[in-house]
Amino acid sequence: MSRLKELRKYVDSELNKMEDVDKRTSAINHLYGVSLAATMIAKKRGLDPELAAMAAMLHDLHAYKIGSYDDHAHKGAELAREILEDLDLTDAAETDTICSAIYHHDDKLTVDGLMDEVLKDADVIHHCMNDMSKPIKEKEQARFDKLSKEFGF
């Protein structure tokens, strides 16, 4: 089984513990949607698409598990490190890359490392394109405009 499939199996088992069906469906939709977007962005930018997809699958898991977005990026990076070490899916450098991306993903106004930017951009694409009837958040507008140019949409 590929590393990404193994991680998805773990994430699915965690999400399936959510009792609220609507919240569980939303969580699955978001994590898989951001993961797909991260894969495409990383591939286009010459980065590791598998690591990008793995970071995306874990980026909001902490928030979904505890039902709160308070400091979710930083706490989510800690949870991701625990999961990756327990599952033994990545080496130390890969784990650091994934956890850095998760740690920084909520700060959309700052530019960080290359993989951090992939996750931020994938998150913004999903937020902005999953439901086009919703207005784009002010903190995501500039990033979405830049992505629109980069990808021609």
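A residue is called buried when its relative accessible area is under 20%, exposed when that area is over 50%, and partly exposed in between (1.4 Å probe, protein chains only). By that rule, buried residues make up 44% of the 153 residues in this chain. What you are looking at is a predicted model, in which local features need pLDDT of at least 70 and side-chain atom pairs count only at pLDDT 80 or more, while totals for chains, interfaces and linings use all residues. Residues are numbered from 1 along each chain as its sequence is written, and side-chain values use heavy atoms, with hydrogens and water left out.

**Overall build**

- The chain has eight helices and zero strands; helices (H or I, at least four residues) and strands (E, at least two) are DSSP runs, numbered from the N terminus.
- The C-alpha atoms fill a box of roughly 40 × 35 × 30 Å along the principal axes.
- A compact globule with 153 residues would have a radius of gyration near 15 Å, and the chain agrees, because its own value is 15 Å. This radius is taken over C-alpha atoms, and the globule rule is 2.2 Å times the number of residues to the power 0.38.
- Contact means heavy atoms within 4.5 Å. Among contacts between residues at least 6 apart in sequence, 59% join residues at least 24 apart.

**The nonpolar core**

- A nonpolar core is a set of buried Ala, Val, Leu, Ile, Met, Phe, Trp, Tyr and Cys residues joined through side-chain atoms within 4.5 Å.
- The largest one here has 41 residues, and those with the most contacts inside it are Leu-7, Val-11, Leu-15, Met-54, Leu-58 and Ile-98.
- H3 gives the most, with eight residues.
- Take Val-11 as an example: not counting residues up to four places away in sequence, Val-11 touches Leu-31, Met-57, Leu-58 and Leu-61.
- In soluble globular proteins, nonpolar side chains tend to be buried together.

**Surface and charge**

- The chain exposes about 8,200 Å², and carbon and sulfur atoms supply 53% of it. Accessible areas come from the Shrake-Rupley method with a 1.4 Å probe; for residues, only the protein chains shown count as cover.
- The mean positions of the 21 positive and 31 negative charges are 4 Å apart. Lys and Arg count as positive and Asp and Glu as negative, while His and the chain ends are not counted; each charge is placed at NZ of Lys, CZ of Arg, CG of Asp or CD of Glu.

- Cys-99 sits in helix H6 and is buried, with a relative accessible area of 4%.
- Leaving out residues up to four places away in sequence, Cys-99 touches Ala-77, Ala-80 and Arg-81. Cys-99 and Arg-81 are 18 residues apart in sequence and 6.4 Å apart in space, C-alpha to C-alpha.
- Asp-121 belongs to helix H7 and counts as buried at 6% relative accessibility.
- Setting aside neighbours within four places in sequence, Asp-121 is in contact with Ile-41, Arg-45, Arg-143 and Leu-147.

**Two loop residues with positive phi**

- Asp-71 lies in the loop between H4 and H5. Although Asp-71 is not a glycine, its phi is positive, at about 50°, and it counts as partly exposed at 43% relative accessibility.
- Asp-88 is found in the loop between H5 and H6. Asp-88 has a phi near 55°, a positive value in a residue other than glycine, and counts as exposed at 63% relative accessibility.
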